[in-house]
Amino acid sequence: MAKILLSIIIPTYNVENYIVECVDSLLKQKGASSEIIIVNDGSTDGTLALVEQHYGHLPQVKIITTRNGGAGKARDIGLDAALGEFVFFCDPDDIVADGFLAELQQVYQAHPEIDLFCFSSQMFEDGHRERIRPKVRHEVFGLQPPQNVLSSLLRNGSYTSAAWNYALKKSVVTQYDLRFVDRVHEDHKYTLSAFVRARHAWVSKHVYYYQRVRNGSLTNSRKSEEYFLQRYNAFMHAFSTLKHALDTSPASKALEKDYLMHSFRLMIYLSLYNGTPVPEYVINAIRFMGGQHEPANIKEWLLINRPQIFIMLQNLKVTKELKRAA
């Protein structure tokens, strides 16, 4: 049996309208040996029947059914079953572009030291494949220190904790016992750990991942107070992971600050686009944690020292954008 380069893990729940398009985009990949692990997370629609009908006979596809426990638990189950050198998580309603597996194979043959493979991504509207906009935008390419890649994404504002953002060597997962925790925001700590624990990264110049934006999905629906509290707690746990993994060098302090500034802005924007006030605990964290760092410009100074004014100015911007979109 050929050695498996990549294990593709798909946590799947009630996506009968999308799962076939997703898996087909992965089966079209040419290159090294790969396996697709579909973890059916207790779907109640026709998802499982479709998966078994289309892919049950294929030796490279594993179908695992479990009781509903959320995407994080489903990913962990997939990790336990994965046999590949690398693991990659794909959401069941998204699409992976041709060339992804071929480039991973080519790069790994030339640079066997890499343990993190990164690429850019775009979003598209459900039912309108042509309507795309950037998601993750890489600006450094080729062989890179993973923390430099992370810092670049944080600074340009396109960092996402989504687990489909990269392929990670399975040995890193095993060595540091990386797992998904909680049912919501479960990928924050895992993804940050991937960037700070990996030693060598390769950044592709290509866009390989296309995220579908659809009405009713968790990422595109109105958020509750509980959602924001869970999001804040995930940020705190991830930041603790970052602090413990970094040394006290100036580069590490700069990365710590980049993560804080990005996280603060994101939590503010999430509230503003949701039409709800920024939680007081977020504002307190900005003052206390942000106050331990020197601002690099007027925007950072406002954010750290006058968060309420910063929020007011950003709300004007968000209001204009929402009116324009409407």
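1. A word on terms before we start: a residue is called buried under 20% relative accessible area, exposed over 50%, and partly exposed in between, using a 1.4 Å probe and protein chains only. By that rule serine 252, at 5% relative accessibility, counts as buried. Serine 252 sits in helix H9; helices (H or I, at least four residues) and strands (E, at least two) are DSSP runs, numbered from the N terminus. Not counting residues up to four places away in sequence, serine 252 touches Leu246 and Asp247, where contact means heavy atoms within 4.5 Å.

2. Please keep in mind that this is a predicted model: local features need pLDDT of at least 70, side-chain atom pairs count only at pLDDT 80 or more, and totals for chains, interfaces and linings use all residues. Residues are numbered from 1 along each chain as its sequence is written, and side-chain values use heavy atoms, with hydrogens and water left out.

3. Staying with H9, have a look at its meeting with helix H12 (residues 307-325): the two axes come within 10 Å and cross at roughly 50°. H9 is therefore oblique to H12. Axes here are lines fitted to C-alpha atoms, for helices over the stretch in contact, with angles running from 0 to 180 degrees between N-to-C directions. Angles under 35 degrees count as roughly parallel, over 145 as roughly antiparallel, 65 to 115 as roughly perpendicular, and the rest as oblique.

4. On the H9 side of this contact are Arg265, Ile268, Tyr269, Leu272 and Tyr273, and they meet H12 residues including Phe310, Ile311, Gln314 and Leu322. The residues of the contact divide into eight nonpolar, two polar and three charged. In that count Ala, Val, Leu, Ile, Met, Phe, Trp, Tyr, Cys and Pro are nonpolar, Asp, Glu, Lys and Arg are charged, and the others, Gly among them, are polar.

5. Helix H5 (residues 146-156) is mostly covered, with eight of its 11 residues buried. Those are Pro146, Val149, Leu150, Ser151, Ser152, Leu153, Leu154 and Asn156. Their cover includes strands E6 (116-125), E8 (142-144) and E10 (201-213), along with helices H7 (188-197) and H9 (250-274). Just after H5, glycine 157 takes a positive phi of about 80°.

6. Leucine 192 belongs to helix H7 and is buried, its relative accessible area being 0%. Leaving out residues up to four places away in sequence, leucine 192 touches Leu150, Tyr159, Ala238, Phe239, Leu242 and Tyr259.

7. Beyond its neighbours within four places in sequence, serine 7 is in contact with residues including Ile37, Ala82 and Phe88.

8. Two backbone points to check by eye. Asparagine 14 has a positive phi of about 50° although it is not a glycine; it lies in the loop between E1 and helix H1 (19-27) and is partly exposed at 27% relative accessible area. Aspartate 177 also has a positive phi, near 50°; this residue is in the loop between helix H6 (170-175) and H7 and is exposed at 55%.
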